[in-house]
Amino acid sequence: MSHSMFDLFKIGVGPSSSHTVGPMVACARFVRDVESYQLTDKVKEVVVDLYGSLALTGKGHATDTACAMGLLGEWPQSIDSNLIPSLTEQIKQTKSLSFASKNVISFDWETHIVFHNDMVLTEHPNGMKVTAYDKKGAVIHTNTYFSVGGGFVVERGETSADSDTVALPYPFTSAAELIGHCRNAEKTIADVMFDNEMARALAENPDAKLDDIYQQIDAIWQVMFDCIERGIASDGLLPGGLKIKRRAKSLFQSINKMGHTGLPLDSNDWVNMYAMAVNEENAAGGRVVTAPTNGAAGVIPAVLAYYNKFVSPGNTQGIRTFLATAAAVGSLYKTNASISAAEVGCQGEIGVACSMAAAGLAAAMGASVAQVENAAEIGMEHNLGLTCDPINGLVQVPCIERNTMGAVKAINATRLALNGDGEHHVPLDTVIKTMHETGLDMMSKYKETSLGGLATNTIPINVVAC
């Protein structure tokens, strides 16, 4: 299916879309369901069981904190991230939790959130179960959820993270279909996305206008921009125990101190700084946009900020074209492969973000549909096989720097595509299929666990992680 651009770009909190945003959504959805059954007052105890990657790297990704916030009835897009530390401390100290912010129940952080490090649910490596009990210990309600990447959550038995029942003017499940629509209707990829988005909006509100969608897109960019601004204004150490220093602020100061030297790669310093600022904010649990995930949240904002500073400053329509095109490409990966590092490695996060950003930048710079596809294909082709190996399960090393590399690669992919005529030998659909197959073949220890890659080999030998 073709996903809404607002499914790919969701406002949430760090540090992980699959391990923080998804679990919070699952628990908030659980609360909503209990409320809909009018059972809230009967709940006396809630247990959250975490499996697979959620268990193995959950503490580093604040999965337990996210679950607790969800049980309060909070949602990622609306929670005040500044309140999370105090809410967490209150729950831990009082050993109680206000379920749905209405019913105070007993809640021991150490026993009511269970990390099953030796168990993986068969449907997906990011599995979790939430169970509510009454005062006699009988089960009131239980459900099993899977956080499938990018903040998308499916329940056991569901086949998709969202069911788009709206009849779209330009439905697509492949790049070939998308490009076919563009050629037949003489539209850009962004045009197709906006037309589809209008169909969704009109299905909910007959008075909806295109300006409403533009305002939503503009709000997404504003959150990205604000995240960059916070990142370059903050210093100190990131949480989690690795004692990683924030670098975006000092990099920003260094760039401004040096001024423009005329070197050909001066813009790279800015791109690095933009990406680093976003992902340091993400690592600190700040407000970010999944793009398409939190772990890769810095790539698209960095390339967009590059476009806004160096290519076409203040071009609001160009930014909208960028994000709509990027979302179309992200939808293809979400439909035909995966954006979950626990499922396909970091190629499904940084690789997809790089591909999306390359396509978006190319489109904003006036590329043809063929050149946009070429840029997206190049962006992924050179991220194939990228593993996910966060040290201590924290979205810090190598994740923050990896966003800078993904952003720079995206810009280079765009430049290569724009210097060609759009003709390329490998279709985007083939690259997406190859990425998926590569991810399925990848050993599980290289897919967002604390047991493989740098996470295993670097800590004991080269890095003191305590």
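This is a predicted model: local features need pLDDT of at least 70, side-chain atom pairs count only at pLDDT 80 or more; totals for chains, interfaces and linings use all residues.
**Exercise 1.** Find which parts of the chain the salt bridge between Glu-35 and Lys-102 ties together.

*Solution.* 
Step 1. The side chains of Glu-35 and Lys-102 meet with an N to O distance of 2.9 Å. A salt bridge requires the nitrogen to be within 4 Å of the carboxyl oxygen, and this pair is a salt bridge.
Step 2. Glu-35 is located in helix H2, while Lys-102 sits in the loop between strand S3 (96-99) and strand S4 (103-106), so the bridge ties together parts 67 residues apart in sequence.

**Exercise 2.** Describe the salt bridge between Arg-29 and Glu-155, and state whether its two residues are buried or exposed.

*Solution.* 
Step 1. The N to O distance in this salt bridge is 3.9 Å.
Step 2. Arg-29 belongs to helix H2 (residues 17-36) and Glu-155 to strand S8 (residues 152-155); the pair links distant parts of the chain, 126 residues apart.
Step 3. Arg-29 and Glu-155 are both buried.

**Exercise 3.** Work out which helices are tied together by Arg-320 and Asp-218, and classify the accessibility of Arg-320 and of Asp-218.

*Solution.* 
Step 1. The closest N and O atoms of Arg-320 and Asp-218 are 2.8 Å apart, and the two residues form a salt bridge.
Step 2. Arg-320 is part of helix H13 (residues 316-336) and Asp-218 is part of helix H9 (residues 210-233), so parts 102 residues apart in sequence are tied together.
Step 3. Arg-320 counts as buried because its relative accessibility is 14%. Asp-218, with a relative accessible area of 25%, is partly exposed.

**Exercise 4.** State how many salt bridges the structure holds.

*Solution.* 
The structure holds 14 salt bridges. Among the residues involved, Arg-230, Arg-246 and Glu-281 are joined into one network by salt bridges that share partners.

Terms used: Residues are numbered from 1 along each chain as its sequence is written. Side-chain values use heavy atoms; hydrogens and water are left out. Helices (H or I, at least four residues) and strands (E, at least two) are DSSP runs, numbered from the N terminus. Buried means under 20% relative accessible area, exposed over 50%, partly exposed in between (1.4 Å probe, protein chains only).
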